[in-house]
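Student: I have this one open in the viewer now. Could you walk me through a few of its side-chain contacts?

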Amino acid sequence: MTNPDPATSARSGGLPAVQVSSLPSAWVSAAGSRLAAGETILAWLEIDLDARLRFAPGLMLLTDRRLLAGAEGGAGWREWAYRPGLNLQRRDHAGVGTLELFDARGLLADWRYTLGGDIAAGRLIEHFTRQLTRLLTGQLPPPPAHALCPKCETPLLAGQEECPLCSKEIHEPPSTWTLFRLWRFAHPYRWRLLAGFALSLLATAATLVPPYLTMPLMDNVLIPYQNGKPIDRGLVMLYLSGLLGAAVAAWMLGWARTYILALVSERIGADLRTTTYEHLLKLSQEYFGGKRTGDLMARIGSETDRINIFISLHLLDFATDVLMIAMTAAILVSINPWLALVTLLPLPIIAWLIHVVRDKLRTGFERVDRIWAEVTNVLADTIPGIRVVKAFAQEQREAARFRAANLHNLEVNDRVNKVWSLFTPSVTLLTEVGLLIVWAFGVWQVSQDKITVGVLTAFLAYISRFYLRLDSMSRIVSVTQKAAAGAKRIFDILDHISSVPEPANPVHLPAVTGRIELRGVGFRYGTRSVTRDINIKIEPGEMIGLVGHSGSGKSTMVNLICRFYDVTEGAILIDGVDIRSVPVAEYRQHIGLVLQEPFLFFGTIAENIAYGKPGAAREEIVAAARAAHAHEFILRLPHGYDSLVGERGQALSGGERQRISIARALLIDPRILILDEATSSVDTTTEKEIQKALDNLVRGRTTIAIAHRLSTLRDASRLVVLDRGSVVEVGNHDELMAREGHYYRLYQAQARNVDTEDEILRLETDRSAEGDRE
């Protein structure tokens, strides 16, 4: 996208224009032929739905003079010149966006598109508003903040701080300072850490004794012996005993230090994993909807292991290296300041290299972690779904997916290793050059009788330790940045605040009768409106059926009542109390949930039935299973109630899993029951068995049921008919059939085995036509 010349920019309201060639190739010719000489395109939107919500290509063009819209093939083009009262509005519902053009008399036209075009629609409205203001008032509104995305040059809407197209690619690089946030987990073990540090100090001091003893051993024993003086055996034994004692002390202190810090690091890692997992469980469904299972598992598993290793090994090495360098430098200066100064010459260059490489490694390792999460995501997708993979003979495809993810991981690691492989030899070369300089300067000082051979020997021994620790410190840069990247990914979870928060001043419900009221409830998922202005009162013990086509808002209402999400408008009340005032766990204890696809955990049947009440007696479990019509088939299993259900209950049939799910709900004896398509995925015979179990389950409880087969809801006290997130009809089956409204048409379409979606599309068209006539 390129900026026009100043004259064109003025005509376009100060925002960048669009070249005809940038339009979809199928529309270049048709759109170009519609433009007048000198007319400039400001924005465009490719329409992909017609009035009946069927896929049909179309195009909207906004120029500096008018708004144009055309259908496939270039036929049926319409246009509207800018004039007072013209207004373009955007709304969305259930994945379908709508643009509506109004004037003072009413609706002129509307267009529908899938939400993949929502950003382009917002850009079109932004241009439309600015251009209309400029032509009608002669004044140009101030340009929006961040007018262009610096990466892809996409115009940003007012108030947007980052490009929606690029936001998924924006990842803030981790900072080494993130590691200091681990102190909250290390604080309970601070005295052990202090003991470990003290032992490190003593062990380091012990390792510095042997080079110091080489000076008198060389000057007082070996050199005098070469000059003809006999060896003093007692003095030799004294020096050798000192060397042995220092070695044994360094070993014992090093062992104690390593053991203590290993214990501390394991406990810090365990606390970190537990805290992260507990926080993860408290987050809302909204968070999990945007995350991959493999990524979350990698964060809690491999990232905490990496931090463990850093704390127990590399952090210890780093502390030891710092102490060794500091103490060695002090000893060198005390022996000979000039020789010490020569020793420290490579330090500034090495420090500069570490600074340069650290930034590259920090970003690189964070990218490595994300790419590795892609590999684990493939595994997390494929292994649980292995039956589907095999059923559709997609083994080669999944193997190709894994191979591609693994190759991507390899490429990213290669880029990081390219930087690291150059850095490490560079540090080694600098230390070798430094050692060579010390040798040259030391030999010169010995020749000038300024130092003895013993002093030079001790100096070289200290320098070898000094440069060895310096080289070790440079290598720790890599593991430090890996640990920082892992800590950042963990704190990304810990810093996330649940969109379903616990109340600041909780209200406790001593007894719940099951009265539910939805008062002006509306919910938006991001920018997408899902439900709006829902008002329903449900009395204790009443059974309510939710009816409507896919995307009408039924499951959303269930999610809101269960408080998996919080309403964005209005309130939901239980026994007259806003559910946001009740502690989340306490509120959900009164709700039993039976889903279309029951989820069973790996374990025994008894453990799965007692999941909501872990302390339940075997008699209670059996009673719940009897009521759910599950007792008979359970007894036929090899180990009865102690039979393993397999991964996600794969050892059982769909109907058996559903009855276990019903028994699980029965055992907690909830006052409110949610049935979400509980019988839609089983055969007729199994449905009858499940229906008998459900009859026992709903008795005396406030029940909210969603069913694909409308006939299963005929016994409901009331049916609530939803359409586009709003309540359109309420009544029992006979009342709604007598009205011959929305429910009547749905029921008749299902009774005639007509495609329900086709029927819904016809209803939508009829409804739009009625609105146009009004």
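Student: Let's start with R701: is it buried or exposed?

Tutor: R701 counts as buried, at 7% relative accessibility, where buried means under 20% relative accessible area, exposed over 50% and partly exposed in between, with a 1.4 Å probe and protein chains only. Bear in mind that this is a predicted model, in which local features need pLDDT of at least 70 and side-chain atom pairs count only at pLDDT 80 or more, while totals for chains, interfaces and linings use all residues. Residues are numbered from 1 along each chain as its sequence is written, and side-chain values use heavy atoms, with hydrogens and water left out.

Student: And what does R701 pair with?

Tutor: Its side chain meets that of D669 in a salt bridge, 2.5 Å from N to O; the term stands for a side-chain nitrogen of Lys or Arg within 4 Å of a carboxyl oxygen of Asp or Glu. D669 lies in the loop between α20 (654–667) and β14 (672–676) and R701 in the loop between α21 (684–698) and β15 (702–706), so the pair ties together parts that are 32 residues apart in sequence. Helices (H or I, at least four residues) and strands (E, at least two) are DSSP runs, numbered from the N terminus.

Student: How exposed is D669, then?

Tutor: D669 is partly exposed, with a relative accessible area of 49%.

Student: How many salt bridges are there by that rule?

Tutor: The count comes to 17, and E39, R66 and E79 are linked in a network of them.

Student: Switching to helices, which residues of α5 are buried?

Tutor: In α5 the buried residues are G196, L199, S200, A203, T204 and A206. They cover an arc of only 150° around the axis, which puts them on the same side of α5; the arc is that of the directions from the helix axis to the C-beta atoms.

Student: Why would residues line up like that?

Tutor: An α-helix has 3.6 residues a turn, so residues three or four places apart point the same way.
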